[in-house]
Amino acid sequence: MQAMSVQQPWAFAIARGGKSVANQSFPTAYRGPLLIHASMRVDLKACDSPLVQAAGWDPRDPLATIGAVIAVAELDDVCSAAVRGAACDCGPWADSASHHWRLSGIRALPRPIVALGRTDLWQPTPTLLKEVDTMFAVAALNNAN
């Protein structure tokens, strides 16, 4: 499993608001499970974006935190058409000059897990992965009862 750090409120929009495209400055050959880490930076102008507002942005929500893993997703594909100046159908979240990392199966964590991130794709520690797995297992047990 890999991880990527995303500025708030974009990380929140992935975790809670149906944002299934992560705009990145670089492509990747990686496909598979991906931790979504809310970086220590906040894009303040984006907080007023109509898309972010429609996603339910609420700075009081625990998933609006910074410096923590807040969700898990599957990285299914990367569309680089926009970077080449070609049209793509990646939807309203896609920036025109970015590589579009297409995400599916997004699951918000029941609560954030504090972790250090990086600016590129990164390998989470075994301890962090175990904590994510345990959190989902406990949540599943609680929902079954």
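Let's start with Asp 77. Its relative accessibility is 30%, so Asp 77 counts as partly exposed. Keep in mind that this is a predicted model. Everything I say today is computed from that model.

What does Asp 77 pair with? It forms a salt bridge with Arg 31. The closest N and O atoms are 3.9 Å apart. The cut-off for a salt bridge is 4 Å, so this pair counts. Now look at where the two partners sit. Arg 31 is in the loop between E2 and E3, and Asp 77 is in strand E4, so the bridge ties together parts 46 residues apart in sequence. Arg 31 is partly exposed too, at 36% relative accessibility.

Strand E4 covers residues 68-79. Is E4 mostly covered or mostly open? Mostly covered: 9 of its 12 residues are buried. Strand E3, residues 32-42, pairs with E4 in the antiparallel sense. That pairing has 7 bridges. Within it, His 37 stands opposite Val 69 in E4. Strand E5, residues 99-114, also runs antiparallel to E4. Here the count is 9 bridges.

Next, the core. In soluble globular proteins, nonpolar side chains tend to be buried together. In this model, the largest nonpolar core has 30 residues. Which of them touch the most other members? They are Met 4, Ile 14, Leu 34, Ile 36, Ile 70, Trp 101 and Leu 103. Six elements each supply at least two residues of this core: strand E1 (2-8), helix H1 (10-16), strand E2 (21-24), E3, E4 and E5. E4 gives the most, with 6 residues.

Zoom in on Ile 70. What does it touch, leaving out residues up to four places away in sequence? The list includes Gln 8, Ala 11, Phe 12 and Ala 15. It also includes Ile 36, Ala 38, Leu 63 and Thr 65. Then come Arg 107, Ala 108, Leu 109 and Pro 112.

How many salt bridges does the structure hold? There are 5. Now take Arg 16 with Asp 61, where the closest N and O atoms are 2.9 Å apart. Arg 16 is in helix H1 and Asp 61 is in the loop between H2 and E4, so this pair links parts 45 residues apart in sequence. Are the two partners buried or exposed? Arg 16 is partly exposed, at 43% relative accessible area. Asp 61 is buried, at 15%.

One more bridge joins Asp 58 and Arg 60. Their closest N and O atoms are 3.0 Å apart. Asp 58 is partly exposed, with a relative accessible area of 22%. Arg 60 is exposed, at 73%.

Now the surface. Where is there a nonpolar patch? Find Met 40, Val 42, Leu 44 and Ile 66. Together they make a nonpolar surface patch of about 400 Å². Ile 66 sits in the loop between helix H2 (50-54) and strand E4. Its relative accessible area is 35%, so Ile 66 is partly exposed.

Next stop, a peptide bond. Which residues does the cis bond join? Gln 8 and Pro 9, with omega at about 5°. Pro 9 lies in the loop between E1 and H1. Remember that Gln 8 also touches Ile 70.

Last stop: the loop between E4 and E5. Ser 98 is in that loop. At 12% relative accessibility, Ser 98 counts as buried. Leaving aside neighbours within four places in sequence, Ser 98 contacts Asn 23, Gln 24, Cys 79, Ala 82 and Val 83.

Asp 95 is in the loop between E4 and E5 too. Asp 95 is partly exposed, at 42%. With residues up to four places away not counted, Asp 95 touches Asn 23, Ala 82 and His 100. Now compare Asp 95 with Ala 22. In sequence, they are 73 residues apart. In space, C-alpha to C-alpha, they are 9.1 Å apart.

Methods:
Residues numbered from 1 in each chain as written. Predicted model: local features only at pLDDT ≥ 70, side-chain atom pairs only at ≥ 80, totals over all residues. Heavy atoms only, no water. Patch = residues over 30% accessible without salt bridge, like charges linked within 9 Å, V, L, I, M, F, W, Y side chains within 5 Å. Areas by Shrake-Rupley, 256 points an atom, 1.4 Å probe, with all protein chains shown as cover. Salt bridge = Lys/Arg side-chain N within 4 Å of Asp/Glu carboxyl O. Helix = DSSP H or I, 4+ residues; strand = E, 2+ residues; numbered from the N terminus. Buried < 20%, exposed > 50% of the residue type's maximum accessible area, 1.4 Å probe, protein only. Pairing = 2+ DSSP bridges. Core = buried A, V, L, I, M, F, W, Y, C linked by side-chain atoms within 4.5 Å. Contact = heavy atoms within 4.5 Å.
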